[in-house]
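Try each task before you read its solution.

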Amino acid sequence: SVAMLGALSGGGISLAVFLYRYGPRPFSEKVRQAIDDGRLTLVYQPLVRVHDRKMIGVEALARLTDEYGENISPDVFIKMAEDGGFIDRIARIVIKTALREMRSNLQGATNFHCGINLSTNDILDPALCDFLDQEVKSQGLDPRQIILEVTERSTADPDQLISSMETFRQRGYAFYLDDFGTGYSNLSHLAQLPISGIKLDRMFTQAIGKEAMGSTIAENVCSVAKALKLQLIVEGIETEEQAAYVDDLSPTAIGQGWLYGKPVPANKLQRHTPR
């Protein structure tokens, strides 16, 4: 995921194209207007237990279209929202929408969870934690079913970030560290973070069976997860070969990728549930 919303939208308008089309100044205004117009929607990608292919949750992924109906990649609109100072609006829309759309999947299913990506600014904002609490209660859900994903590439003060994460944890929410392997975390830093799982970035999954280095990194990340007693989530699983490799590597691993289902709107999620 990027700072807040994880995977790219796949074929959306890139930052360079958007800047060329609109110029740097109107760009953030276009993004803000698209959000005002209600063009921010969610799709959901299954999270599947690799060993038996049981779907145990979803990750909510934001999608935004411009006035021409073209998709804008999350790496583009998230950066513009952060630079423009309205990233908190996106977080609130995502939380409110995801909990409403996933309510029927979550209620009464204690082992099913929904992953929501947050930026560092979101985590450091005490008001967002209160907002999340209110939305969870209004939908009659359990905070323990909500997984908050934060990217490894964070520039926030570590002590301040850890303190804020603990506030969420005390209220029942869990954290996954997203894009693991692409940032700067070492074992010492990782051991201090109040996280429950780490997500192996898809770039390493794609290298399985092709590059020795990719397989080595995947094995090392698995060892880290075991050592710190963290859940391992492997992104980007697209082939049976990759799934088999992950299953051998970690029988308790959770998989995410096109092999198990592409991101889809809530009303189409069931048909993508592995049987």
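**Exercise 1.** Decide whether Asp37 is buried, partly exposed or exposed, and find its salt-bridge partner.

*Solution.* Start with the cut-offs: buried means under 20% relative accessible area, exposed over 50%, and partly exposed in between, with a 1.4 Å probe and protein chains only. Asp37 has a relative accessibility of 44%, so it counts as partly exposed. Next, look for a salt bridge, that is, a side-chain nitrogen of Lys or Arg within 4 Å of a carboxyl oxygen of Asp or Glu. The side chain of Asp37 meets that of Arg39, at 3.0 Å from N to O.

A word on the ground rules: this is a predicted model, where local features need pLDDT of at least 70 and side-chain atom pairs count only at pLDDT 80 or more, while totals for chains, interfaces and linings use all residues. Residues are numbered from 1 along each chain as its sequence is written, and side-chain values use heavy atoms, leaving out hydrogens and water.

**Exercise 2.** Which parts of the chain does the salt bridge between Arg89 and Asp36 tie together?

*Solution.* First check the distance: the closest N and O atoms of Arg89 and Asp36 are 2.8 Å apart. Then place the partners: Arg89 lies in helix α4 and Asp36 in helix α2 (residues 24-36), so the pair ties together parts that are 53 residues apart in sequence. Helices here are DSSP runs of H or I with at least four residues, and strands are runs of E with at least two, numbered from the N terminus.

**Exercise 3.** Where does Asp125, the salt-bridge partner of Arg92, lie?

*Solution.* The closest N and O atoms of Arg92 and Asp125 are 3.6 Å apart. Arg92 is in helix α4, and Asp125 sits in the loop between α6 (120-123) and α7 (126-138), 33 residues apart. Widening the view, the whole structure has 15 salt bridges, and Glu59, Glu149, Lys199 and Glu235 are linked in a network of them.
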